[in-house]
Amino acid sequence: MSKNEFLQELRRRLSGLEQSEVSQRLAFFDEIIEDYKADGVPEEEAVKRLGTVDGIVAQVASEIPLARLVAKKVKGKSSSHVGKILAVIFTFPLWFPLLVVLFTLIFAWYIVLWALVISLFAVDAALFCVGVFGILSTIPLMAEQNTALAGLMLGAAFLCLGLFMLLFFL
């Protein structure tokens, strides 16, 4: 393995650490390889003398305190939550009025539907009342011998009662 391949693999495997820490470790191992090369050791042999990348990563992980690793992980996650919270706060003038409009529209549709239901019941009740009072109003017309008007009134009353029954079952 060449020096560049070794350092790239080491950089990839140490990517969870802080950038300054990774740079410091890579500079250290680069210097060791250069020292070996200055002593006449070929580059690949110098890389072999350092050991495997797995062993170096394990050694570096054991040297770094666990508290520092946990603090970095927690700090990284909390900053993303802070960013989200700030985004919600700063976009408040945009999304809040839209949310109010949405709820207003939903409430308006709710009111309109109930108004339709109530008006249909009112029309149904009016048809029933007209039908019943139409039948009752034929009695005085029959007493006056006005049968044509009584028949017309009775027909209208039955029509209203028929419409009442139709709307009632709808």
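Helices α1 and α2 are roughly antiparallel to each other, a label for angles over 145 degrees; under 35 degrees counts as roughly parallel, 65 to 115 as roughly perpendicular and the rest as oblique. This is a predicted model, in which local features need pLDDT of at least 70, side-chain atom pairs count only at pLDDT 80 or more, and totals for chains, interfaces and linings use all residues. Residues are numbered from 1 along each chain as its sequence is written, and side-chain values use heavy atoms, with hydrogens and water left out.

**Confidence**

The protein chain has a mean pLDDT (the predictor's confidence in each residue, from 0 to 100) of 86. In this chain, 91% of the residues reach 70 or more. Helix α5 (residues 66–90) has the lowest mean pLDDT among the elements, 68. Helix α6 (residues 92–143) has the highest, 94. Helices here are DSSP runs (H or I, at least four residues), numbered from the N terminus.

**Helix packing**

Axes are lines fitted to C-alpha atoms over the stretch in contact, and angles run from 0 to 180 degrees between N-to-C directions.

| Helix pair | Angle | Axis distance |
|---|---|---|
| α1 and α2 | about 155° | 10 Å |
| α1 and α4 | roughly 40° | within 10 Å |
| α6 and α7 | about 155° | 8 Å |

α1 passes α2 in a right-handed crossing. Handedness follows the near helix: turned from the far one by less than a right angle, anticlockwise is left-handed and clockwise is right-handed. On the α1 side, the contact (heavy atoms within 4.5 Å) is made by Lys3, Phe6, Leu7, Leu10 and Arg11. On the α2 side, the residues include Val22, Leu26, Phe29 and Ile33.

α1 and α4 are oblique to each other. Their crossing is right-handed. Phe6, Glu9, Leu10 and Arg13 of α1 meet Val53, Asp54, Ile56 and Val57 of α4.

**The nonpolar core**

The largest nonpolar core has 18 residues. Such a core is a set of buried Ala, Val, Leu, Ile, Met, Phe, Trp, Tyr and Cys residues joined through side-chain atoms within 4.5 Å. Phe6, Leu10, Leu14, Phe29 and Ile56 have the most contacts inside this core. At least two core residues come from each of α1 (3–13), α2 (19–38), α3 (43–50) and α4 (53–63). Nonpolar side chains tend to be buried together in soluble globular proteins.

Phenylalanine 29 contacts Phe6, Leu7, Leu10, Leu50 and Ile56, leaving aside neighbours within four places in sequence.

α6 and helix α7 (residues 147–169) are roughly antiparallel to each other. α6 passes α7 in a left-handed crossing. Glutamine 145 is found in the loop between them. Its phi is near 70°, a positive value in a residue other than glycine. Glutamine 145 is exposed, with a relative accessible area of 64%. The cut-offs are under 20% for buried, over 50% for exposed and partly exposed in between (1.4 Å probe, protein chains only).

Proline 140 is found in helix α6. Proline 140 counts as partly exposed, at 43% relative accessibility. Proline 140 and alanine 150 are ten residues apart in sequence, and their C-alpha atoms are 8.6 Å apart in space.
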